[in-house]
Amino acid sequence: MMLLQRTLSSHGVKKGGGNIGRFPPKAHLSARAVEIPVCNGICGRYIVPTDIFPSVHREMPYIFTNMELIRFFTESDRKPYCKTSPCRHLIIPVIYRLIYFCGLRPNEGRELKRSDFCYKDRTLFIRKNKSHQERLIPVAGDLAEMCRNYMNKRMEVYPDTEYMFPSTTGKPYQKRWLVDMRIHSAVYGQHKTQKNAM
């Protein structure tokens with residue numbers, strides 16, 4: 001146990017009680033408390049500097065070219081009718097365009113309600129998000145017309161749900177749904193193929 005404490009101390013790890021408040025001010029800003037097994041199942045509480053943890057690598061976002069965007073939306077328009085999800089082929093072209101042209105977060109697009117879209121004013125009402133703010137977003141005329149046509153067709157299939165883009169349960173699609181459509185990967189895959197050929 002003493003050997004473990006000396007090893008931890010050499011890395012700047014401090015032994016403490018059950019409360020971070022016992023440590024010097026601002027210690028929690030550059031360190032975090034962890035439970036470390038010492039011996040016989042007994043754990044000690046230590047303040048561990050975050051710089052001894054491996055850094056997290058974050059990839060840079062990929063920015064589509066104009067031609068790739070054209071291929072992306074063309075691909076979304078080609079989604080065939082699905083018997084088990086009868087509105088999917090109607091939803092995909094609209095939801096991707098709303099997310100892109102209105103600058104929505106994916107979850108904001110998925111969780112839109114029918115009442116959030118106003119064709120008369122050509123606006124989308126975005127409810128409180130992770131920054132706890134609501135906002136009203138203008139929608140271009142051609143996109144607003146596309147949304148209205150979609151809504152008319154959608155009502156024939158799911159007349160009772162309050163959501164603009166309902167899944168077969170009437171609730172919003174799950175978080176992974178947009179990614180699982182693999183439209184972006186079809187376009188991005190072409191980009192990598194062309195890049196490797198150069």
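**Two helices side by side**

Q: How are α4 and α6 oriented to each other?
A: This is a predicted model, where local features need pLDDT of at least 70, side-chain atom pairs count only at pLDDT 80 or more, and totals for chains, interfaces and linings use all residues. Residues are numbered from 1 along each chain as its sequence is written, and side-chain values use heavy atoms, leaving out hydrogens and water. The axes of α4 (residues 88-101) and α6 (residues 141-157) come within 10 Å and cross at roughly 150°. Angles over 145 degrees count as roughly antiparallel, so α4 and α6 are roughly antiparallel to each other.

Q: Which residues of α6 does α4 meet?
A: Contact here means heavy atoms within 4.5 Å. On the α4 side you'll find L90, I91, P93, V94, R97, L98 and F101. Their partners in α6 are L143, M146, C147, Y150 and K153.

Q: How many nonpolar residues does the contact of α4 with α6 have?
A: By class, this contact has no polar and two charged residues. The nonpolar count is ten.

Q: How many helices and strands are in the chain?
A: Helices (H or I, at least four residues) and strands (E, at least two) are DSSP runs, numbered from the N terminus. From that end, the elements run α-β-α-β-β-α-α-α-β-β-β-α-α-α. That makes eight helices and six strands.

Q: What share of the chain's residues is buried?
A: Buried means under 20% relative accessible area, with a 1.4 Å probe and protein chains only. The chain has 198 residues, and the buried share is 34%.

How values were computed
Axes are lines fitted to C-alpha atoms, for helices over the stretch in contact, and angles run from 0 to 180 degrees between N-to-C directions. Angles under 35 degrees count as roughly parallel, over 145 as roughly antiparallel, 65 to 115 as roughly perpendicular and the rest as oblique. Ala, Val, Leu, Ile, Met, Phe, Trp, Tyr, Cys and Pro count as nonpolar, Asp, Glu, Lys and Arg as charged, and the others, Gly among them, as polar. Buried means under 20% relative accessible area, exposed over 50%, partly exposed in between (1.4 Å probe, protein chains only).
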